[in-house]
Amino acid sequence: MSASLLLVGVLSVAIAAVCRHYRLSAPLILVLVGLAIGWIPGLPAAELDPDFVLFVILPPLLYSAAQDSSYQEIRANRRAIGLLAIGLPLVTTVVVGLVAYLSVPHLPLAGALVLGAIVAPPDAVSAQAIGRRVGLPRRIMTLLGGESLLNDATALTALRVALAAAVGATTSVWNGLETFLLAAIGGLVVGLLIGYLVFRVRDWLTDPTIETAIGLIVPFATYFVAEELHTSGVIAVVVAGLFLGQRSVRLGYATRLQDEAVRKSIDALLEAFVFLLIGLQLPDLIRGLAGQSWLHIAFDAVMVLLATILVRFAWVYLFTYLSRLLPGVRRREPPPKPSWLFVVGWSGMRGVVSLAAAFSIPLTTESGEPFPARAEILFLTFVVVVGTLLIQGISLPWVIRRLGVCGDDDASDRLAFAAAQDRASREAENYLDSVSEDIEEHDPRRLQVAMLRKWLTTQRNTAWEELGRGPEDIGESPTSAGNRMRTKLLEIQRKVFIDERDAGRIDDEVLRAALRRLDFAEGVTDREG
């Protein structure tokens with residue numbers, strides 16, 4: 001088992017690296033490669049362990065996404081995000097469940113609702129990756145990101161209620177509502193408490209390495225504590241991530257840089273791992289359907305897949321326009337563009353959370369009977385996950401370009417940055433003016449003040465230069481030319497330090513210290529350029 005997972009991990013990172021180099025959609029390629037590898041005879045099986053996905057893979061991905069999210073943007077779009085993250089998964093559970101109940105033989109209503117809850121939460125990883133690459137407007141990215149942070153909690157809680165009914169445990173509508181509220185409110189409280197405690201501890205520490213190590217533990221500990229208290233681990237992790245992400249500005253610069261680098265590396269590894277793992281599940285699912293009529297199974301799969309896709313479109317269009325009939329909404333918000341709504345509706349790809357939830361279905365009910373149509377539920381879940389990834393994932397970039405859905409956020413961001421940088425530079429110059437008043441004319445410190453003043457001017461000029469230059473502009477700005485030469489100077493110095501180490505005149509400790517200084521200087525140059 002461990003050898004199989006190690007092989008999957010190594011292969012997934014290698015494929016993701018190739019995809020990034022050639023600007024291909026890594027999730028889609030990884031799923032297709034997994035589908036192909038799964039049929040190679042003699043390879044060790046890589047089974048999907050639901051506990052491994054829900055306790056090891058999901059928390060860090062949610063935590064990282066929450067830290068990168070904007071609380072202000074989510075708050076500004078809370079109504080739309082709430083409809084997508086809470087209302088839509090519940091409606092999807094019911095609609096897909098009813099379709100499955102009417103089309104799949106021997107599937108009771110409770111079991112059909114289990115399937116509906118399993119396929120309810122979209123996985124926005126691939127949608128957001130495509131959106132960033134083709135330049136989706138920030139509002140759409142905020143909606144997709146905010147939805148992905150909370151829809152897992154809604155769907156998994158609905159699954160908990162549906163499973164209780166399917167296995168014969170006593171449950172009712174009120175019990176289900178009580179379970180849902182306990183999970184949501186409890187997860188919120190746990191996330192806030194852990195987030196606050198971690199923030200206080202990290203604020204007290206001054207060691208970036210230990211601070212980052214604590215940050216690595218937070219998502220797993222938060223999820224575990226919340227689940228042990230029978231609340232929503234997903235909501236707890238998201239709330240803790242949002243809380244700490246908003247307060248990361250108070251950390252030291254070294255901690256922030258280190259945190260971001262570590263999180264991005266872990267995200268890349270886990271995302272590649274799960275998509276390859278999805279493709280590898282097909283052979284086992286096929287074997288579980290031995291003796292079934294493939295004509296009926298194909299019909300059931302098409303019906304469930306269509307229901308999953310269409311209910312999202314119906315919900316997005318219906319409630320977007322109905323909600324505008326509410327008092328005040330029409331005044332506060334501009335009318336939505338139909339093309340934007342289509343892109344949001346088409347961005348409903350499912351992912352590994354659905355498969356992990358499906359594999360968590362128990363083998364038997366409370367009475368010891370086999371769980372009804374468990375093999376069919378697993379296969380239909382796989383069809384929905386892979387079908388949405390391939391159909392919607394492959395066509396989404398084309399749909400975005402065809403509809404002309406692109407934002408001008410880059411231009412507005414550059415304007416806002418240039419104005420803020422101008423104010424920041426002038427405020428810093430005021431400080432230099434106050435300092436220079438106490439420095440005598442021939443004091444060597446005046447040279448340092450002059451150099452710092454020139455640096456501040458360069459910062460301000462760079463921001464305004466970039467504002468007036470678009471991608472189509474040809475040539476090199478003066479600041480860019482200076483940064484290019486500065487980078488070359490740093491490369492020359494780096495080579496000299498390496499040569500000195502190779503010649504035995506300095507040891508590795510001195511080399512690493514020198515390279516660290518040069519790396520920070522190049523990082524500053526790269527950001528300014």
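Which residues lie nearest the centre of the second largest pocket? Here are a few notes on this predicted model, starting there.

1. **The pocket.** I74, L150, L188, V239 and L242 lie nearest the centre of the second largest pocket, out of 26 residues that line it. Helices α4 (71-76), α5 (78-103), α8 (138-166), α9 (173-204) and α11 (233-246) each give two or more residues to this lining. The pocket's volume is about 690 Å³, and its lining is made up of 18 nonpolar, five polar and three charged residues.

2. The structure has six aromatic pairs. In one of them, F52 and F273, the ring centres are 6.0 Å apart and the planes meet at 65°, so this pair counts as edge-to-face. It joins distant parts of the chain, with F52 in helix α3 (residues 50-68) and F273 in helix α12 (residues 253-279), 221 residues apart. F52 is partly exposed at 27% relative accessibility, whereas F273 is buried at 6%.

3. For F313 and W346, the ring centres lie 5.9 Å apart with planes at 45°, so the pair is tilted. This one links helix α14 (residues 294-323), which holds F313, to helix α16 (residues 338-346), which holds W346, across 33 residues. Both residues are buried, and together with F342 they form one aromatic cluster.

4. **A charge over a ring.** Do have a look at R247: its charged end sits over the ring of F243, 3.8 Å from the ring centre.

5. **A serine in helix α19.** S434 belongs to helix α19 (residues 409-436) and is partly exposed, at 36% relative accessibility. A polar atom of the S434 side chain lies 2.6 Å from the backbone oxygen of Y431.

Notes
Residues are numbered from 1 along each chain as its sequence is written. This is a predicted model: local features need pLDDT of at least 70, side-chain atom pairs count only at pLDDT 80 or more; totals for chains, interfaces and linings use all residues. Side-chain values use heavy atoms; hydrogens and water are left out. On a 1 Å grid over the protein atoms alone, a cavity is a set of points where a 1.4 Å probe fits but cannot get out, and a pocket is an open set with protein on both sides within 12 Å along at least five of seven lines; lining residues have an atom within 4 Å of a point. Grid points are joined across faces, edges and corners, and a volume is the space filled by probe spheres set on the points. Helices (H or I, at least four residues) and strands (E, at least two) are DSSP runs, numbered from the N terminus. Ala, Val, Leu, Ile, Met, Phe, Trp, Tyr, Cys and Pro count as nonpolar, Asp, Glu, Lys and Arg as charged, and the others, Gly among them, as polar. Buried means under 20% relative accessible area, exposed over 50%, partly exposed in between (1.4 Å probe, protein chains only). A polar contact is a pair of N or O atoms within 3.5 Å; within protein, one must be able to donate a hydrogen and the other to accept it, and residues adjacent in sequence count only if both atoms are side-chain atoms. Rings of Phe, Tyr and Trp (its six-membered ring) pair if their centres lie within 6.5 Å; planes under 30 degrees apart count as stacked, over 60 as edge-to-face and the rest as tilted. A charge sits over a ring if NZ of Lys or CZ of Arg is within 6 Å of the ring centre and within 35 degrees of the ring normal.
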